[in-house]
Amino acid sequence: MPSKDKIHQTIKTYILAELLDEDDASELSGDTELVRTGVLDSISTLKVVAFIEDEWDLEIETHEANVDNLGSIDAMTQLVASKLG
Amino acid sequence: MSIPARPLTARQLLIWLGHQRASALPADNMVMVFTMEGELDPDRFHQAFASVVADCEALRTVMLDDGIEPQQRVCAPASMPIAHAFTDLSSAAFPQQDADALRDHCAAQTFDPTRCNYASLLLRLAPLRHTWVFVQHHLITDGRSVSILFDHVSRRYAGEAPTPIAAYSLYIDQEATYRQSKAAARDAKFWAPRRTRMVEVQGGYGPVPAPEGPLHCRVERDLGLARSVAIRNMCETRAFRSLSASLSATVLFKTVLFAHLRRVRGDVPLAVGAALHNRDSRKTKNVVGCMIEVAPFSVEVGLDESFATLHKKLLDETITVLRRARHAVPNPLNKPVYDVLYNFHTATFSQFAGLPTHTEFRTGLNSSTTSAETTGSTTAGGDTLVLQVHDFDQTGQLHLTFDFHAARFPAPLRERIPDHYIRLLDALLLDPSQKIGQIDLLSRAEHEELRNTFNPPRNPDVPKHVVSMFGGQVRLRPDATAVRFGTEALTYGQLAKRVFRLARVLNDMGVGPFVTVAVALERSVDLPTALLGILQAGGAYVPLDPGHPVSRNELVLDDADPAVLLTHTALGSSLSLPQGCQRLCIDSIDLEACEDLEARPFDTHAAGSNASHLAYIIFTSGSTGRPKGVCVRHLELANFIRSMASTPGMKQGEGLLAVTTISFDIAGLELLLPLCVGGFVEVASGSSTADPAALAALLSKGDLQVLQATPATFRMLIEGGWPGTPGLRVLCGGEAFPPTLAQPLLDRCDQVWNMYGPTETTVWSSIQRIEPGQPYITIGRPIDNTELYVVDETMNLQPCGVAGELVIGGLGVTAGYHNRPEQTADRFVADPFRPGTIYRTGDMARMLPDGQTLCLGRLDQQVKIRGFRIELGEVEAALAAQPQIAEAVVRAQPNARGESRLVAYLVAHNSTHTLDQDAARLAVREQLPHYMVPSTMMQLPALPRTPNNKIDRKALPDIDLDLESQGRAGTGGAPQNDLEQTFAALYCRVLDLPQVGRDDNFFDLGGDSLSLVRLHRHLGQVYDRAPALASLFQYPTVRTLASVFEQGAPTEASALIALNGARKGAALFCICGIQLYAEVARALPNNPVYGIYVPEERAWLDAAASPDGAYNDLPRVEELATAYVKAIRRKQPQGPYSVAGVSFGGVLAYEIAQQLLAAGQEVAMVALLDTILPSSQRRVLPRWFVAHLQQIRNKGLRHLLNRPSVRLRLLGNSFVARLLRRFRKLSRRRETVGLPRSEADEQRDAAAFVAQLYIRAIRDYEARIRPYEGRTLLIRATDHPPPTGYERDSHSGWRKLLAGNVRCFDVPGDHLGILSGANAVRLSEHLAAALADVRPVAPDADEAQGR
């Protein structure tokens, strides 16, 4: 199982590469509220979900696709780790 | 710089095809109307706009239409004029009106997508007020694009330099990548089952008599600040919060939308399309172009579930769909997957370069006008309802726009509907735990209207008793005629005496209040006497029709338990009477015996009878088959008679012709009404009631003013040649009034009335005078002291226009069912609106805005087929509207698998005429959704009817549904001829199916836009005259497609069928047989392999197959080869060519090569696949064919012939079919002379016949055969040795002819076996090697273009 750091880094790299404008990049940290602050909209968030599913070959159920699990990179990391662990 | 043409994205393709189908409708025009307050420089605006066009590829994109597959191309900025104009209206008299007109003109224009896809118009309404109308075809834009473009024009106008607009090609690439991805496969799998269970519009507000105005009529509502804040707050709560603020709000409004649809449409499948912007990466964020996805959302909604649970379901559904809805995967092409569109906008356009701006988001449909053409079809003109939520102007309050389809929403109701929605929204905001079914949709005014305006107050002053009404007339006019029957007549005085006398006799037999007397009389003057006599005696009559079956009458007697059976002596005593019931023959009483009228006046109280006493019990058919008795009291009867006397009305001296059996409650009107108003009743005899000429003769007397009957009787009269009766008022009821009956009746009478009412509410409860040209026939308004309401399952009043159950309250509501307390309690319930009880009719109805009620048929006549709710009456009406069909009844019948199927019973106008059921089905298919088209039809000479002349559904014969489904290869059976077979093969290839039936619908099989384009492309390759892509919608089955080809392309149409998907590499043309080469083609992935069909072959064989076997007229090998050459060169005009043929096909291939060479073309290769010249084994020639046949027989010819995919193995299946037919004929002839025939014999004969044709043709050709100098590949089948004792040369007779490069190989397998399985792979290796160095040629002009 990859370390949490590794998961965190992978997700962050993906978000930076695919979704965010460069000027937003410096402000992105693990507890940045992606959903509430509108850094990611719902379509983008679900794109991260699709990425996570492909990257670690796991399935995120619809009911898990909520703010608690996807609201920040930390939350996403926790979700992935719990699925892999 | 020239940008190459690109294919359309899947979404664009959907729009394109939609445009092709309905290019007259501006449905795909996205119209933005920005109104800016302040000073604006039009020149600067023009410059800003022009610079955006220069930067934006989408605005310069046009479509290329080569008739096969559309593409898109970006024009160079210089090559395209800027489609922008400025108009100053500020000095006009009415600038705003002018602006609106210009806006509508601009918005409703039809773009030619191959030229320009936008138009921009700046209008000056006042020096400080400007409106910018910006119209774009949806092909090049979407909501987010509009935001980006607005922002760019605004910034450039202000002199800023915004970030560049990203090119649409990014998205095209993204889609191409997606198509190859695992995600695409996952998504497709997710949508496959959802795509097939899609909705048709059912229920909702209605009906719409004549749509007018724009196709989409807009009604807007501001939600106000407080409500908008409440919505935002609710979206912040844990239960409603989702992945983004806008998603939370989206789902909240969607929840209300589904709740609303459920409330007004009922329990039907609901699906709402919602737009998602689909810009899910940084790269695509700034793309301008059509990226939007519209995905269908569907959930089941129960009336007893709360907003909270519905919201939870919709949140799940939304996230599920958002994860899967990409690149038009959810949208099949041919059918709407949703009919309501919902769009939650997050964009704002609050200022243009600093100027306050008001924004309207419209479509072309808001500006287009309706016409019969655009409203005739249920799907034309886009969605039935579009709901948008936005705050474009950033006011902090949300704004709703409802676009109502003009043909779907009645104009008078459109203003009310948003308020129904908002009432549900408010209920949710107040308390999400409230149940959806409990919310009151109606305003106070609507309540008032439905309860009191449409239902006038009751008049308490009603007569109590029909006997006293009759008595009044007796006193007034004792000498006036009261009853006539044939030549007999009774005056009021005479009738009264008889009534009195009979009452006395009955009283003496114990008849009094709540004692019943059964009446079974021949039609005669005694009928009114009997009824009034029983009532005068204080008893209640129970009418029996002596013509009804004894068993039924006995059931009635058992249940009613009468004290007396009143009958005629002549009727005999076949009925066995319940205990205690005495028989009384009315003709045995001396009714003339003196009764002193003056001394014993008509006073019902004398007999102890009052208004609440029972007047009659009438038996109607019960659902269990046992008739049930409805108990009608004097109050109900008297109220009814008095109401009828005023409307439709009957006056003293008027005559009524009574034709109805007394066992039907409507006879009460005929026998009692005239006698209560001082008129007279002419009782038609039993024989004349069914004799139109006799009835017409009675009517022609000229002194009859009223005739009441069922539609069937009126139809009988009209068909019997009744010319009409001046002054006659016609009351028609007992069944739904057939619209086709209206005009014929109006032509023949003074007044025509539609009468509606269940027996349970006393004969008629609602009436409507039919006028010429009414859009539809309603049941009108309630009679006196009667109320009609339309309610939902929980007794909420339905809004006007919404279907629900019709319930009836008032003084006509009867006491209920005799001896059936449970059924009474179920149907007769406490009136929630006024005192008393109401009766639930079980009829579906809509209340119209003018207070009339539209009856929609029985609730229990609704059936569900595959989840779709179907009103049988609607299907029946569509069938009966066909000119040759007089009557139609439809019912659901389960097949052997227990699935319900619709079956129709049809009666032709002319019963000797056999109806064309296919034609009827086709016609109905144009009017009804597919699931409403009966799968089976049966013609009957007449419909079975109950004694009351109503259609007896229970007596309809069962249809054997399972016969139909036996041995099907799909709907409609296996393809029937070459064309159908060819198309079936294409369907199979395109849709990846093993087989299809000739009537299987392409789209039902899973076809979508992409597969449709693929199919069309194949057709284009196969046929020269393929129909236009969009027209394929009209021919969605193998059968229809084949028929259009047969009509459009006469016999000389040839066909090339691509047998594999290869596009590059040298092509190989295979001769004589198509599917025969399928496996070889698959094993040649790098070379396009074509099978060829030439009709000349069929003509040639037809000639041969003619009964007298005109062999001498056989076209020669050369002539047949010429046809092939033509077909090949149509596909590939220039060489080098490679041709191959097996067996006889090899001979043809050889000649084809010769002809191509002679035409100066290069022939790269001719492959002779186990082609043996007869001369090579001249002495054993017949044996060769026997061997050939043996092989076929070993493989099972019967099997081959019966499997469409291999039918072409011989020569073309139509030929084989003809042969088989011919041999069957022959064999039948043989049977008649006593020679037994087996099927194997027939097959052997057929195959031998084919072989005979081959051998004759080759022998003939060999006489003229010329050497060939080109490269040749000679393949020999190892398992095809010459017969023992004979020799064949090593080159199968070709050695002396082949002068060029000849390579010779052995392939395992027998004569035809080299073409299948592992052998085909071996054979293909040789072919591939031979083709490897052949120069590929672009197969045809179409292919060459743009790729």
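# A two-chain model: cores, contacts and backbone details

The largest nonpolar core has 362 residues, and Val519(B), Ile641(B), Ile1071(B), Tyr1124(B), Leu1148(B), Ala1149(B) and Ala1167(B) are those with the most contacts inside it. Helix α8 of chain B, residues 245–265, gives the most to this core, with eleven residues. Please keep in mind as you browse that this is a predicted model.

**Nonpolar cores**

- Tyr1124(B), one of the residues with the most contacts inside the largest core, touches Ile1071(B), Ile1092(B), Val1094(B), Leu1148(B) and Ile1152(B), leaving aside residues up to four places away in sequence.
- Another core, of 21 residues, lies apart from the largest one, and it includes Val889(B), Leu906(B), Leu915(B) and Ala920(B).
- As general background, nonpolar side chains tend to be buried together in soluble globular proteins.

**Chain A as a whole**

- Chain A has five helices and zero strands, and its pattern along the sequence reads α-α-α-α-α.
- The radius of gyration of chain A is 12 Å, close to the 12 Å that the globule rule gives for 85 residues, so chain A is as compact as a globular protein of that length.
- Along the principal axes, the C-alpha atoms of chain A fill a box of roughly 35 × 25 × 20 Å.
- Of the 85 residues in chain A, 32% are buried.
- Among contacts in chain A with a separation of 6 or more, 64% come from residues 24 or more positions apart.

**Helix α1 of chain A**

- Helix α1(A) covers residues 4–19, which makes 16 residues, and it reaches 21 Å from its first C-alpha to its last, close to the 22 Å expected at 1.5 Å a residue.
- Which residues of α1(A) are buried? They are Ile7(A), Ile11(A), Ile15(A) and Leu19(A).
- Seen down the axis of α1(A), these buried residues fall within an arc of 65°, so they line one face of the helix.
- What covers the buried residues of α1(A)? The cover includes α3 (42–56) and α5 (73–84) of chain A, together with α9 (282–285) of chain B.

**Where the two chains touch**

- The contact takes 20 residues from chain A and 16 residues from chain B.
- On the side of chain A that touches chain B, the elements giving two or more residues are α1, α3 and α4 (67–70) of chain A.
- α3(A) gives the most to that side, with eight residues.
- By type, the residues of this side of chain A divide into ten nonpolar, six polar and four charged.

**Cis peptide bonds in chain B**

- The peptide bond from Thr647(B) to Pro648(B) is cis, with omega near -5°, and Pro648(B) has its place in helix α18 of chain B, residues 634–649.
- Gly1135(B) and Pro1136(B) are also joined by a cis peptide bond, with omega about 0°.
- Pro1136(B) lies in the loop between α32 (1117–1131) and β45 (1137–1142) of chain B.

**Positive phi values in chain B**

- Asn278(B), a residue other than glycine, has a positive phi near 75°.
- Asn278(B) lies in the loop between β9 (272–276) and α9 of chain B, and it is buried, with 23 other C-beta atoms within 10 Å.
- Val763(B), a residue other than glycine, has a positive phi near 60°.
- The loop that holds Val763(B) runs between β28 (751–756) and β29 (766–770) of chain B.
- Is Val763(B) buried or exposed? Val763(B) counts as buried because it has 27 C-beta neighbours inside 10 Å.

**A buried loop residue, Asn1087(B)**

- Asn1087(B) is found in the loop between α30 (1078–1082) and β44 (1089–1093) of chain B, and it is buried, with 22 other C-beta atoms within 10 Å.
- Asn1087(B) touches Ala1062(B), Gly1065(B), Ala1066(B), Ala1067(B), Leu1068(B), Ala1328(B) and Leu1331(B), not counting residues up to four places away in sequence.
- Asn1087(B) and Leu1331(B) are 244 residues apart in sequence, and their C-alpha atoms are 8.0 Å apart in space.

Notes
Residues numbered from 1 in each chain as written. Chains lettered and ligands numbered in written order. Predicted model: local features only at pLDDT ≥ 70, side-chain atom pairs only at ≥ 80, totals over all residues. Helix = DSSP H or I, 4+ residues; strand = E, 2+ residues; numbered from the N terminus. Expected span 1.5 Å × (residues − 1). Buried ≥ 20, exposed ≤ 12 C-beta atoms within 10 Å, placed from the backbone. Arc of directions from axis to C-beta. Contact = placed C-beta atoms within 7 Å. Core = buried A, V, L, I, M, F, W, Y, C linked by C-beta atoms within 7 Å. Nonpolar A, V, L, I, M, F, W, Y, C, P; charged D, E, K, R; others polar. Rg over C-alpha atoms; globule rule 2.2 N^0.38 Å.
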